[in-house]
Amino acid sequence: MNATVSRVRHAGAVLTVFLKEVRENLRDRRTLMSAFLTGPLLGPVLFVMLVNVQVNRELDKADKPLHVPVIGAQYAPNLVDALKQGGIVPDAAVADPGAAVHKQDADVVLRIAADYAKAWRRGEPVQVELFYDSSRQDTRSAVERVSQLVETYARQQGAMRLVARGLSPGTAWPVQVARRDQATPQSRAVLLFAMLPYFFVITLFLGGMYLAIDLTAGERERQSLEPLFANPVARWKILLGKLAAICTFSLASLAITLLAFAVVGRLIPAAKLGMELDLGWHFAGTVLLLMLPLVMLLAVLQTMVAAFAKSYREAQTYISLLMMVPLIPSALLAFLPIKAQAWMYAVPLLGQNLGIMQQLRGDGVSGEQLLLCLGGTLAAALVAALVTAQLYRSEKLAISG
Amino acid sequence: MIEVRDLHKAFGAVKAVDGVGFTARDGEITGLLGPNGAGKTTTLRMLYTLMTPDRGQVLVDGIDAVADPLAVRRRLGVLPDARGLYKRLTARENIEYFARLQGLDEATLRTRHEALVDALEMRDILDRRTEGFSQGQRVKTAIARALIHDPRNVILDEPTNGLDVMATRGLRRFMQQLKGEGRCVLFSSHIMQEVAALCDRIVVIAHGRVVADETPDALRAQTGETNLEDAFVKIIGTDEGLAA
């Protein structure tokens, strides 16, 4: 009888702390803005802008006339005509093509040698030079376009010479490559959306951050932890109530961001790039499920870091450093294309990252992967929670002076 | 009743409390007097189980504070040195939060709440957020919050710190009322006038030790000084850190 009564009281204490923290923080404008407005909406807005810029640029480049300085245009009028037909506008020659490219005055410069006409008439191979900078990503399509036009022209002329000598053009090209691209519209989108998982993690992080700081370091700084601990409630229950409040805020943040992405997904002209993007309910549900244990892990980690700090400001500094950690798996996957192994799903952050990307590719997440992902992160959250509970028992935690 | 036996607490090499022992009885006001840094706050923190003593024992109504801290906290009402109200909550919400943490049911909460609000004369500030409260309003709220569960033992750490004359007088009246209700009231102070005016028993602490544990009259008789202030200075051996 007694045991039942006291257990009811225990659950009550956790709930009491939870409700109070939620109510108090709903009254804080900065927390509200960060958790429900700027945090969750920044990602989708930024995304739409970035994608739209990229899409429009790609589309523009395909149709727009391309200005290319041509040196020695007078030696090869036929070649220049062929380029013009391909939508290239030959500009006046520049004195130093290397410098022009380097100073970004031109994306690409074409140089035709002075002995072009002489060699052409003799039927000898002639050289045209393309000046460009391969480290300038944005000029890649321009370079590609010019180079392809030149090569097409060369092949046409070659074929005509062969025909004129009574040979089949096929003799000069015994092997031909036929490309069979296995990318699906979804998998092409993955390239563009590699950073999406990071956006989700950051949203979670920002959603709970102010609460985590306020509920431990803030309360300590305002000296309210000491009277709180004078109540007949075990400290781990107080911690549990606080963690629940942090989780609630960061989950709400994530839900808002997923909703925004679902809406915004329709505005992204992915189809124009030959991509297919499904950010609908099924996607949102899977992300929410994958992220659930991560919500707990991040709340615990933030609280742990905040418990080390002596002041609000100090906690803020530490937590901003902690924010770098979720960047690691995203960056890793973006720059080092690794083949996913089963164990990777059990690694917190990495597992979520892989799962979300898989969902984006349209492959879906298998039951085993889902279990590994949930189990691994949940285990990490539990360990971190035990450590934090230990920190909460320290005498020093309550004392601010 | 609060019994303290031979308490020790060190922070690194500093012995903050070095063998403190005294008894605070029900229906009496016991004053813990000592200069700043004498070990008063550390002693009180061990009483309300925020800190664990290195050595010694604390008994609250016969319950050992180390063995059963939750039971001890249920029997104590504590106004710590750190008042720490929640600024974004109203005074009423601050009080109700602690009432729920104490596990009070709604009916008890209402009755106790009303009684305390009247006794502390704080009805006019109840529904205001505590941000911007004066020091006096803050102390009232913190005391109401600490006593909402009707504890038999009341610990107040420097309760009149920073209060103006009117607020101090009100608080003294309230402490007399607590004593009249038969509670054990233990408070710390470095202000002699206050201790002299209120206390049935005075425990003087200096350098982490009890240097006197008497009634005010006995203190005067013991030191041969008719003036309490002179008596204190004589006991402590210095007037550093004491205020009149």
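Start by selecting residues 281-308 of chain A, which is helix α11. Helices here are DSSP runs of H or I with at least four residues, strands are runs of E with at least two, and both are numbered from the N terminus. The expected span of a helix is 1.5 Å times one less than its number of residues; α11 of chain A has 28 residues, so it should span 40 Å, and its end C-alpha atoms sit 39 Å apart, which agrees.

Before you go on, a word on what you're looking at: this is a predicted model, where local features need pLDDT of at least 70 and side-chain atom pairs count only at pLDDT 80 or more, while totals for chains, interfaces and linings use all residues. Residues are numbered from 1 along each chain as its sequence is written, and chains are lettered from A and ligands numbered from 1 in the order in which they are written.

Stay on α11(A) and click M291(A): there is a kink of about 40° there, shortly before the proline P293(A). (The bend at a residue is the angle between axes fitted to the seven residues ending there and the seven starting there.)

Next, show both chains and look at where they touch. Chain B puts 22 residues into the contact and chain A puts in 22 residues, with two residues counted as in contact if their C-beta atoms, placed from the backbone, lie within 7 Å. On the chain B side, colour α2 (69-75) and α3 (91-101), the elements that give two or more residues. The largest share, four residues, comes from α3(B).

Now colour chain B by domain. The bounds, from an automatic or database domain assignment, are 1-75 + 152-164 + 174-244 for domain 1 and 87-150 for domain 2. Their centres, taken over C-alpha atoms, are 26 Å apart. Where these two meet, domain 1 of chain B supplies seven residues and domain 2 of chain B six.

For another helix, pick residues 106-119 of chain B: α4 has 14 residues and reaches 20 Å from first C-alpha to last, close to the 20 Å expected.

Last stop: R45(B), in helix α1 (residues 40-47) of chain B. Is R45(B) buried or exposed? It's buried, because 26 other C-beta atoms lie within 10 Å (20 or more makes a residue buried, 12 or fewer exposed, and in between partly exposed, with C-beta atoms placed from the backbone). Leaving aside neighbours within four places in sequence, R45(B) is in contact with L50(B) and M51(B). Finally, draw a C-alpha to C-alpha distance from R45(B) to P80(B): 8.0 Å, for residues 35 apart in sequence.
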